[in-house]
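Dear colleague,

Please find the structure below, together with its sequence. My notes on it follow.

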Amino acid sequence: MKAFSLARTAAIFIKECQQMLRDRLTFAMAVGVPIMQLLLFGYAINTDPKGLPTAVVSQDQGPLGRSVVTALQNSGYFKLVASGISEQEADALMARGELQFVVQIPGDFTRRVLRGERPPLLVSADATDPSASGNAIAALQQLSSTALRRELRGPAASLQPSAAPFELRIHRRYNPEGLSRYNIVPGLIGTILTMTMVMLTSLAMTRERERGTMENLLATPVRPFEVMVGKILPYVALGYVQLGVIMGAAWLLFAVPMLGSLTLLMALIGVFMLANLGVGFTFSTLARNQLQAMQMTFFFFLPSMLLSGFMFPFRGMPEWAQHLGEALPLTHFLRIVRGIMLKGSGAGELWGEVWPMLAFLAVAGAIALKRYRQTLD
């Protein structure tokens, strides 16, 4: 048996390095993924969101009501985006996901505080994602005892009791118990479908090339659009099978409510699946083998999972990260599925999330079709 040769080992090492550098996609993934993870986890992920959109429905014109609103804004957790609106208007904004909190101040708030009656202050919170509002609600508990200390001085100093001068009533809407599974389980529908739809479709064309059956497919009188549709539709059917399994578990095991239209949810899930399948088909025309197709899938799935609001509060991310997240179909689908299942939202309330998915589907389908035509040439 020959002795160990450093020269032969070095030759293999050089050969492997050259082969790795020739596979530019794999090398880019090895370098790009850690950089992307560092940027996203370092700058984009924030588990303590602040500046949450808040509306004030106030019927009190006294100074103490205004002081409460000022204290909310000074805490940093609440950003006043609407005031002087009715309770119905505030409810509609919250149903569309434009508000995180609604603060209702009764008309006799100042008078009752000065009389020491501890009037109620109602705060409604969108609890579809408990992690997004948890710290803000905790801050509310502290504000209730400190918000009016500056105003209750001088002749009114005797009105500063040991307890808060008003009663804080927090209403967690759509998820009164603050159960995380009401947020996680509907979100899993989108994340699982994203991963499987993109991955399975991206392997479709690369599998044809690796097995040598691509030439037979090109020899048939089938148009590019017909090939794309024919390859996508089986995965749509598979996606609905996955959906049935997830929905069954959501109802039987986790008791997640279904307040909206199941038919509307099925239709919009179809749009979401087609958008992801278009991405997967594009990857299949770019990749030279199944390994590259899997790498592209991971490169798409990772930011989708991190920037969509599934794992971390969407409103806690910086503005540039939110813009990136808005470009991903999973971000809009999570709002749709939570809106239908937890809020009972209808098509009109969800249109603002539907049209970005349709636009993404159109762009992804056009790119996939163009890339597939190039592979024919």
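Is alanine 255 buried, partly exposed or exposed? The coordinates are those of a predicted model, and in them alanine 255 has a relative accessible area of 46%. Alanine 255 therefore counts as partly exposed, since the buried class ends under 20% and the exposed class begins over 50%. This residue belongs to the loop that links helix H9 (224-252) to H10. Its backbone also deserves attention: phi of alanine 255 is positive, near 55°, in a residue other than glycine.

Tyrosine 174 is another non-glycine residue with a positive phi, in this case near 70°. Its place is the loop between strand E5 (167-173) and helix H7 (181-211). The relative accessibility of tyrosine 174 is 16%, so this residue counts as buried, the cut-off being under 20%.

The remaining notes concern a pair of helices, H10 (residues 262-286) and H11 (residues 290-307). Their axes come within 9 Å of each other and cross at roughly 145°. The crossing of H10 past H11 is right-handed. On the H10 side, the contact is made by Asn276, Val279, Phe283 and Leu286, which meet Met296, Thr297 and Phe300 of H11. By residue class, this contact comprises five nonpolar and two polar residues, with no charged residue taking part.

With kind regards

Methods
Residues are numbered from 1 along each chain as its sequence is written. This is a predicted model: local features need pLDDT of at least 70, side-chain atom pairs count only at pLDDT 80 or more; totals for chains, interfaces and linings use all residues. Side-chain values use heavy atoms; hydrogens and water are left out. Axes are lines fitted to C-alpha atoms, for helices over the stretch in contact, and angles run from 0 to 180 degrees between N-to-C directions. Helices (H or I, at least four residues) and strands (E, at least two) are DSSP runs, numbered from the N terminus. A crossing is left-handed if the near helix is turned anticlockwise from the far one by less than a right angle, and right-handed if clockwise. Contact means heavy atoms within 4.5 Å. Ala, Val, Leu, Ile, Met, Phe, Trp, Tyr, Cys and Pro count as nonpolar, Asp, Glu, Lys and Arg as charged, and the others, Gly among them, as polar. Buried means under 20% relative accessible area, exposed over 50%, partly exposed in between (1.4 Å probe, protein chains only).
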